[in-house]
Amino acid sequence: MKSHFTRWLPAIAKTTHRRTVLSVAGVVALGGLALAPAAYADPLTGEPHPDAVAAIDLATGKDRVPQNADGPRSTGGTVTPTEAVRSDTAEPTEPAESPESTESAESTTSAGKPHIDRLIPYGVQGAQSRIPLDDAQLANARAIVETARETGVGERGAVIGVATALQESKLYNLGHLGAINDHDSQGLFQQRPSSGWGTPEQITDPEYASTAFFEALKGVGGWRQAPLTVSAQTVQVSAYPFAYAQWEEQAADIVQQVW
């Protein structure tokens, strides 16, 4: 993939108050990503993990009634927002995230950046992919990392989030791409309104989309110790469950850079 393919895409660059959403006019250029396997966002299919339902409720402040045929379905029973939050803290083996103010000197560099052994505590799985990043992609990565800090998932959670977005959208805040769009998936995490992740406007808001992802991640038992691709797949329910692993190394580098 050419490093500056986005010059061909009419995009709207947005910051905290604005987000980068690729327009339908960029469909032809984006289709070229299929020529480079490491730069192709695999489609998201199926429904979100049961805890994603609770994550949306937490992100919107809405209590959801037990699920039925008209709403998102759970494969493991109805999950309430409270249960989703408690499931992460209820496990006796789940280590609590140390507050930033109490991190030991061994866990950070002299510049206050997290050490690589905190970002990739168990090593990477398989061959790694890497793509060049432009300003829009870095801005979206910063939004994901900042939300990781705010939601309490820490550096490891940030790595999982960035790796997931690298696979799903290559860190571009994608709008609807017309004929080549994967169902109704949109945004950094290619979340689907029809699966209960939120409205198109919400899931193309980097802060909302990241919050929904991390709240769902917190509901995955043992996510800190699990392989990155397992934790990401449990939330995303992708047709390509092992694809997230290839981005772990670059995601760690990005998190260390912008933390």
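Colleague: Which residue forms a salt bridge with arginine 156, and how far apart are the closest N and O atoms?

Modeller: In this predicted model, local features need pLDDT of at least 70 and side-chain atom pairs count only at pLDDT 80 or more, while totals for chains, interfaces and linings use all residues. Residues are numbered from 1 along each chain as its sequence is written, and side-chain values use heavy atoms, with hydrogens and water left out. A salt bridge is a side-chain nitrogen of Lys or Arg within 4 Å of a carboxyl oxygen of Asp or Glu. The partner of arginine 156 is glutamate 248, and the closest N and O atoms are 2.8 Å apart.

Colleague: Why does the pair of glutamate 248 and arginine 156 tie together parts of the chain?

Modeller: Helices are DSSP runs (H or I, at least four residues), numbered from the N terminus. Glutamate 248 lies in helix α10 (residues 248-258) and arginine 156 in helix α6, so the parts tied together are 92 residues apart in sequence.

Colleague: Is glutamate 155 buried or exposed?

Modeller: Buried means under 20% relative accessible area, exposed over 50%, and partly exposed in between (1.4 Å probe, protein chains only). Glutamate 155 meets arginine 118 in a salt bridge (3.1 Å, N to O). Arginine 118 is partly exposed at 26%, whereas glutamate 155, because its relative accessible area is 2%, is buried.

Colleague: Which residue forms a salt bridge with arginine 192?

Modeller: Arginine 192 is buried, with a relative accessible area of 13%. The closest N and O atoms are 2.6 Å apart, and the partner is aspartate 184.

Terms used. Helices (H or I, at least four residues) and strands (E, at least two) are DSSP runs, numbered from the N terminus.
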